[in-house]
There are 2 protein chains.
Amino acid sequence: MTDNSERDARHNDRMARKKAVVDEKIAAADTARGVLLVNTGNGKGKSSAGFGLVARALGHGMKVGVVQFIKGRSDTGEEAFFRRQPQVQWHVMGDGFTWETQDRARDVASAEAAWAVAKQLLTDPAIGLVVLDELNIALKYGYLDVATVVADLLARPVDQHVVVTGRAAPPELVAAADTVTEMGLTKHAFAAGIQAMAGMEF
Amino acid sequence: MTDNSERDARHNDRMARKKAVVDEKIAAADTARGVLLVNTGNGKGKSSAGFGLVARALGHGMKVGVVQFIKGRSDTGEEAFFRRQPQVQWHVMGDGFTWETQDRARDVASAEAAWAVAKQLLTDPAIGLVVLDELNIALKYGYLDVATVVADLLARPVDQHVVVTGRAAPPELVAAADTVTEMGLTKHAFAAGIQAMAGMEF
């Protein structure tokens, strides 16, 4: 055999073994139900991964509800785009990052109003996916009671998916979730002096 | 003062200091140009964060090109949804995960054809965002030359954003990137026996 064909044969053997392992795992995963996904950590991608799942769910014909617990800025591309989609309900409930408002009492009231809207989505079996964007921030600052939030999440319709985003997900939420991703910051353009760019950061 | 108002005052002081730090950092980031973003790691969210940025870019009126280097399955929600958007070019170039095809020579040819399509997007200044989904897998298995790929990425139009996804991003690509997120797997529904659900995993 030539070097190339030996390399190809070794590669193909390795991949055949890998396929057997993957196939076995797929056969073992036989439960079908809605998933509770948490995207946390200090890196970029927590909210955008949630918005990617909005597109994914829309492609399957689902209805989607989004509640933004923090209103960062009013000109985001995701809001402009998804508000044009008839299957999407988009609710911006927060007043801004908490260091922008500097008014704890107002932040608590905003978070409670946002949770009331979230709860309506979480009790509606017609909604296939609910995105609770930056909910973790409201929990981190104690604006909402984590036990109540987790209980409401677990009481949702059995087929409904939920995505919760934001830094510092509380341990009670991580324990209740099916899938948890920690988005780690390896590096960020902002630190290199690049400003927040349309289409990338908002 | 009551306990509540003391707590609120301390909170507001802390947030005022935080705002000063954040405002200073924002003022220092004054470069405007396209960003090269890499989403890697073993956790969920690498591709979906890329697809969220597609929605974000569309909301800003940009044109978007997507190249999928691995064809996982043909019924994904993101492909169905974004193919309906006139501003999006969607190219599925790969033949499948490499342990599915078990044919290294065919995988190399697929990756080279995919890179030719990617290069067209990377030389077109009318495209605001390019998503190179699972490119890291093609690099990891040596199907493409990493030095060529990095050189082509760095030679793109100055305002163009690029997102590269997939496990095991090579160090040369990480070095060239502006923003890198390591999606860490804290837990995954699949390990708990939940099958890949529409709207969540595809």
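**Contacts of a lysine**

Modeller: Leaving out residues up to four places away in sequence, Lys46(A) touches Asn39(A), Thr40(A), Gly41(A), Thr165(A), Gly166(A), Arg167(A) and Met183(A), where contact means heavy atoms within 4.5 Å. This is a predicted model, with local features needing pLDDT of at least 70, side-chain atom pairs counting only at pLDDT 80 or more, and totals for chains, interfaces and linings using all residues. Residues are numbered from 1 along each chain as its sequence is written, chains are lettered from A and ligands numbered from 1 in the order in which they are written, and side-chain values use heavy atoms, without hydrogens and water.

Biologist: What is the nearest side chain of opposite charge to Lys46(A)?

Modeller: Glu134(A), 6.4 Å away. Lys46(A) is buried but has no salt bridge. Buried means under 20% relative accessible area, exposed over 50%, partly exposed in between (1.4 Å probe, protein chains only); a salt bridge puts a side-chain nitrogen of Lys or Arg within 4 Å of a carboxyl oxygen of Asp or Glu. Lys and Arg count as positive, Asp and Glu as negative; His and the chain ends are not counted.

Biologist: Which backbone oxygen does the Lys46(A) side chain reach?

Modeller: That of Gly41(A), at 3.0 Å.

Biologist: Switching to chain B, which residues of helix 7 are buried?

Modeller: Val146(B), Val149(B), Val150(B), Asp152(B) and Leu153(B). Helices are DSSP runs (H or I, at least four residues), strands likewise (E, at least two), numbered from the N terminus.

Biologist: And what is exposed on the face turned away?

Modeller: Ala147(B) and Leu154(B).

Biologist: How many residues of helix 2 of chain B are buried?

Modeller: 14 of its 14. Gly61(B), with a positive phi near 80°, follows that helix.

Methods:
A polar contact is a pair of N or O atoms within 3.5 Å; within protein, one must be able to donate a hydrogen and the other to accept it, and residues adjacent in sequence count only if both atoms are side-chain atoms.
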